[in-house]
Amino acid sequence: MPDPNRDYLTLLLDQYWFAPPVALWRAVELRTLAAETFPRPLLDLGCGDGLIAQVLFAGESPDVVGCDPWWAQLRQAPQCGRYAHLQQAWGGALPYPNAQFAGVFSNSVLEHIPDLAPVLREAARVLRPGGRFIVTVPSDAFRRLLAGYRRRAAVGDFAGAEAYATAVDRRLEHHRYPSPAEWTTMLHAVGLRLTRARYYVPAETMELWDRANGDYGVYEDGRPFYRWLASPRLRRWGYQLLLRHWIVRTLGKRWRCAYELDVPADGVGGGLLVVAVKEG
Ligand SMILES: C[S@@+](CC[C@H](N)C(=O)[O-])C[C@H]1O[C@@H](n2cnc3c(N)ncnc32)[C@H](O)[C@@H]1O
């Protein structure tokens, strides 16, 4: 079982010290996911390098099945020690029999896939009746909660706000932001029933995160000094271990409130946890 009380912020800052805003987003995501149960057998659809499974399922036996189309990521996944089996596969053509899994987990994947319908169909096909589909994606509020969007919209520059959000979509390769109601419809079409849609990354944290993406050079047109400092090309200079410790110590304190903040009841956040059950 994942542990909701673990300090995911410190763990993730240590892993993603070279891109701290990525650590902040993913730490909030893990804190949200840690409240869920992940039934076995479990498929991690779009597992990437396995870092999320490594942290979320820490201390558990290596019983997860993982798949990802991207070889470079997939090759790193065995090292995380959480997978019983890994396979190169696209979400729209899963190489597993019908009803193989009690759970399908997909973290920060579906927003990057241009044609989503075949992937949802496949996730539903490989799930057993009663099985759970657990997904995290950016939410329908993501664009309008960006600091750059809000700043422009506040002075009536709606065209500028839209252009800003579109540039973020392009940089992060996001294809869509369905609302909970739209998720309900899309999931229903493949025989899945939405049981929970929970927003995470509240407005204040979104504001900080969007600014930090610029400051730390995650958006390439931001000030790229930190990106340069953290570049693998400069590893041989030997200072990056100190930089990493400094990031973990400093941002572990400075970003603590943003990490721990919950989305208010009836409020929205930039991330959305979607949980659905396969109809029997
Ligand atoms: C942002 S990464 C997330 C990786 C991992 N789930 C995590 O949380 O660290 C997005 C992943 O989606 C994978 N992906 C992209 N298109 C896909 C598709 N059509 N089917 C399955 N995975 C896909 C990519 O290869 C990449 O590893």
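Val-201 sits in the loop between strand 6 (192-200) and helix 10; helices (H or I, at least four residues) and strands (E, at least two) are DSSP runs, numbered from the N terminus. Phi of Val-201 is near 60°, a positive value in a residue other than glycine. With 28 other C-beta atoms within 10 Å, Val-201 is buried. A residue counts as buried if 20 or more other C-beta atoms lie within 10 Å of its own, as exposed if 12 or fewer do, and as partly exposed in between, with C-beta atoms placed from the backbone.

Before going further, please keep in mind that this is a predicted model, in which local features need pLDDT of at least 70 and side-chain atom pairs count only at pLDDT 80 or more, while totals for chains, interfaces and linings use all residues. Residues are numbered from 1 along each chain as its sequence is written.

Glu-173 also has a positive phi, of about 55°, although it is not a glycine. This residue is in the loop between helix 8 (158-172) and helix 9 (180-188), and Glu-173 is exposed, with 10 other C-beta atoms within 10 Å. Another backbone feature is the cis peptide bond from Arg-40 to Pro-41. Here are the angles together:

| Site | Angle | Value |
|---|---|---|
| Glu-173 | phi | about 55° |
| Val-201 | phi | near 60° |
| Arg-40 to Pro-41 | omega | near -5° |

Pro-41 belongs to the loop between helix 2 and strand 1 (42-45).

Now for the protein as a whole. The secondary structure comes to 13 helices and seven strands, and the C-alpha atoms fill a box of roughly 50 × 50 × 30 Å along the principal axes. A compact globule of 280 residues would have a radius of gyration near 19 Å, and the protein agrees with its 19 Å; this radius is taken over C-alpha atoms, and the globule rule is 2.2 Å times the number of residues to the power 0.38. Of the 280 residues, 42% count as buried.

The domain assignment, which is automatic or from a database, gives domain 1 (8-139 + 176-278) and domain 2 (141-175). Their C-alpha centres lie 22 Å apart. Where they meet, 17 residues of domain 1 are in contact with 11 residues of domain 2, contact meaning that C-beta atoms, placed from the backbone, lie within 7 Å. Helix 10 (residues 203-215) gives five residues, the largest share of the domain 1 side.

Leaving aside neighbours within four places in sequence, Val-104 is in contact with Leu-43, Leu-45, Ala-123, Val-126, Leu-127 and Phe-133.

Leu-12, in helix 1 (residues 8-15), is buried, with 26 C-beta neighbours inside 10 Å. Not counting residues up to four places away in sequence, Leu-12 touches Ala-23, Arg-26 and Ala-27.

Finally, the ligand: of the 18 residues around it, Gly-46, Gly-48, Trp-70, Gly-91 and Asn-107 come nearest. A residue is near a molecule if its C-beta atom, placed from the backbone, lies within 6 Å of it.

How values were computed. Two residues are in contact if their C-beta atoms, placed from the backbone, lie within 7 Å.
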